[in-house]
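Dear colleague,

Please find below the structure that I am handing over to you. My notes on what was found in it follow directly after.

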Amino acid sequence: MSTEPSDFNVTPRNRLMRYPKRGHYDKATIYPILDEALVCQVGFAIDGHPYVIPTIHARLGDQVLLHGLKGGRLLEHIEAGNTVCVSVTLLDGLVLARTAFNHSMNYRSVVLYGSGAAIEEPAAKLAALERLTEHVAPDRWRDVRPPDAKELKMTTIVAIDIEEATAKIRQGPPGDDGEDLTYPVWAGVVPLPIVPQPPQTDPKQTIAYPVPAYVTPYRRPPRA
Ligand SMILES: Cc1cc2nc3c(=O)[nH]c(=O)nc-3n(C[C@H](O)[C@H](O)[C@H](O)COP(=O)(O)OP(=O)(O)OC[C@H]3O[C@@H](n4cnc5c(N)ncnc54)[C@H](O)[C@@H]3O)c2cc1C
């Protein structure tokens, strides 16, 4: 278990059992991972049947925001007050060891649990949509047409209170040791950073607007 100050309680649900030294329970470690990840997976069970749904998220304080078209099963499940499990993974590299056994990946992942409710009040809904937009492309919100009343009505936004969370982090070279270190094969790490490619202007755009600074270059993690 991490010796860092624990902001989240360590419970039977979130206590890391496998490689506990890779576990972190503090917000200073967990929140930047949530903020860097572009996509989360939301796990939930209905009538004993498990579902894991990928979707866009954003963190607002101690909450995770999700949004979607009204009527979606996942969002209705959260609106009804049920607990969900949200997970994100940042894949940092492939760890190619000398032994098949020690092959691994370098990563920063978070698993969190919480329940929440829909945000109904129009101003709060708008603020949540701004946060979701800014999570994907910081500074984008100020440039685009905000949602109108009809679009707001069509959209469900839920805020999930982060009740328990764990980060698990693996970094560094392969874990080979002993006589395996002399095994005659290349070993090391293949870094896998997110490297955005040149943007592709919408072919329907007839006026050559300048490409915004937050697009060239697009950065992950976003600028502070
Ligand atoms: C990119 C990637 C590749 C991986 N590959 C493998 C693999 O091939 N084989 C393998 O066994 N494991 C792999 N892991 C680790 C895996 O996510 C689990 O941590 C591990 O399998 C132990 O699972 P468990 O249910 O026994 O965990 P336990 O230690 O029993 O989990 C207890 C609690 O700790 C938290 N937790 C568990 N795992 C994570 C996590 N990764 N991040 C944040 N919180 C967590 C959850 O709240 C969980 O309920 C990989 C992880 C990542 C991110």
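**The hairpin and its sheet**

Leu-60 has Gln-63 in β5 as its bridge partner. Please keep in mind that this is a predicted model. In total, β4 and β5 (residues 63–69) are joined by three bridges and run antiparallel. The two strands form a hairpin with two residues between them, and Gly-61 in the turn has a positive phi of about 60°.

On to the next strand: β5 pairs with β9 (residues 155–161) in the antiparallel sense, over seven bridges. In this pairing Gly-68 stands opposite Thr-156 of β9.

These strands belong to an open sheet of four strands, in the order β4-β5-β9-β8, with antiparallel pairing. Its edge strands, β4 (58–60) and β8 (116–118), each pair on one side only. On average, neighbouring strands of this sheet are turned by 30° against each other, direction ignored.

**The chain as a whole**

The protein chain contains four helices and eleven strands. Its C-alpha atoms fill a box of roughly 65 × 50 × 35 Å along the principal axes. Of the 224 residues in the chain, 20% are buried. Among contacts with a separation of 6 or more, 70% are between residues 24 or more positions apart.

**The nonpolar core**

The largest nonpolar core has 32 residues. Those with the most contacts inside this core are Ile-33, Leu-65, Val-86, Val-110, Leu-112, Val-158 and Ile-160. Leaving aside neighbours within four places in sequence, Val-110 is in contact with Ile-30, Ile-33, Leu-34, Ser-87, Val-88, Ala-165, Thr-166 and Ala-167. In soluble globular proteins, nonpolar side chains tend to be buried together.

**The surroundings of the ligand**

There are 16 residues around the ligand, and Met-17, Ser-109, Val-111, Thr-166 and Lys-168 come nearest. The elements that give two or more residues to this shell are β6 (84–96), β7 (104–114) and β10 (164–170). With five residues, β7 gives the most. By type, the shell divides into eight nonpolar, four polar and four charged residues.

**Two individual residues**

Phe-44 has its place in strand β2 (residues 39–46). Is this residue buried, exposed or partly exposed? Phe-44 has 18 other C-beta atoms within 10 Å, and is therefore partly exposed. Not counting residues up to four places away in sequence, Phe-44 touches Tyr-51, Leu-74, His-77, Asn-82 and Val-84. Phe-44 and Val-84 are 40 residues apart in sequence, and their C-alpha atoms are 5.1 Å apart in space.

Thr-201 lies in the segment after β11 (188–191). This residue is exposed, because 10 other C-beta atoms lie within 10 Å, and the limit for an exposed residue is 12 or fewer. Between the C-alpha atoms of Thr-201 and Val-211, ten residues apart along the chain, the separation is 8.5 Å.

With kind regards

Definitions and conventions. Residues are numbered from 1 along each chain as its sequence is written. This is a predicted model: local features need pLDDT of at least 70, side-chain atom pairs count only at pLDDT 80 or more; totals for chains, interfaces and linings use all residues. A residue is near a molecule or strand if its C-beta atom, placed from the backbone, lies within 6 Å of it. Ala, Val, Leu, Ile, Met, Phe, Trp, Tyr, Cys and Pro count as nonpolar, Asp, Glu, Lys and Arg as charged, and the others, Gly among them, as polar. Two residues are in contact if their C-beta atoms, placed from the backbone, lie within 7 Å. Two strands pair if DSSP finds at least two bridges between them. Axes are lines fitted to C-alpha atoms, for helices over the stretch in contact, and angles run from 0 to 180 degrees between N-to-C directions. A nonpolar core is a set of buried Ala, Val, Leu, Ile, Met, Phe, Trp, Tyr and Cys residues joined through C-beta atoms within 7 Å.
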